Amino acid sequence: MAITSGIIVLNAAFLQEIKEDDVLLRQLLDQARQRFENRRWLNHSLRDTWRMLEALRDQLATHFTLEEACGYLETSLEEVPELSEQAARLKNEHGPLFQQICDLCEKVAQGVDRRRGPDWLTPLVDEFWCFWNHLRRHEQQEQALIFQAFQQDTGVGD
Ligand SMILES: [Fe+2]
């Protein structure tokens, strides 16, 4: 997840394939969403939630690594492709997104086996939805970029 200063282009076909194949990531995201939608369940299953978030964190690391290795390509071409700026911006979001899930894991871990006040969960829940919305926006923008790259390849929209 290194931030690079080179020109970044998209390998749209690989990026699309990585997204379609990552069933585990989608499952873990769905499980996390369900838990954070139900505070009572969340409060009573904090240890399980912590393990689940750690699995989500690890899967997200694999997902970003694959995307960066196969979906985003660094190039030194003189002719800068149109979508390179957006591709570089999205690739650089991986680091902050990963940091968000790491922070969340750590905070949930701190609450396991401790006496917790009634408001203890509120900032945690807010933080989860912040991460969730950020990741969802990131994924939507990557999908839009893949679509544009395919259109460019096939000459549609010229
Ligand atoms: Fe991504």
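Trainee: Which residues does Phe 131 touch, not counting residues up to four places away in sequence?

Mentor: Phe 131 touches Leu 56, Leu 60, Leu 97, Gln 100 and Ile 101. Contact here means heavy atoms within 4.5 Å. This is a predicted model, in which local features need pLDDT of at least 70 and side-chain atom pairs count only at pLDDT 80 or more, while totals for chains, interfaces and linings use all residues. Residues are numbered from 1 along each chain as its sequence is written, and side-chain values use heavy atoms, with hydrogens and water left out.

Trainee: What makes a set of residues a nonpolar core?

Mentor: The members are buried Ala, Val, Leu, Ile, Met, Phe, Trp, Tyr and Cys residues joined through side-chain atoms within 4.5 Å. The largest such core has 25 residues, and those touching the most other members are Leu 53, Leu 56, Leu 60, Ile 101, Phe 128, Phe 131 and Leu 135. Helix 2 (23-37), helix 4, helix 6 and helix 7 each give two or more residues to this core. Helix 7 supplies the largest share, seven residues. A second, separate core of 12 residues includes Leu 15, Tyr 72, Ala 87 and Ala 88.

Trainee: What makes a stretch count as a helix?

Mentor: A helix is a DSSP run of H or I with at least four residues, a strand is a run of E with at least two, and both are numbered from the N terminus. Helix 4, for instance, covers residues 46-71 and holds His 63.

Trainee: What makes Glu 67 and Lys 19 a salt bridge?

Mentor: The term requires a side-chain nitrogen of Lys or Arg within 4 Å of a carboxyl oxygen of Asp or Glu. The closest N and O atoms of Glu 67 and Lys 19 are 2.5 Å apart, and the pair forms a salt bridge. Glu 67 lies in helix 4 and Lys 19 in helix 1 (residues 12-21), 48 residues apart. Glu 67 is buried at 0%, and Lys 19 counts as buried at 7%. Lys 19, Glu 67, Glu 139 and Glu 142 are linked in a network of salt bridges.

Trainee: How many salt bridges does a search of the whole structure find?

Mentor: The search finds 10. One of the bridges joins Glu 37 and Arg 33, with closest N and O atoms 3.1 Å apart. These two residues are four apart in helix 2, so about one helical turn separates them. Glu 37 is exposed, at 52%, while Arg 33 is partly exposed, at 23%.

Terms used. Buried < 20%, exposed > 50% of the residue type's maximum accessible area, 1.4 Å probe, protein only.
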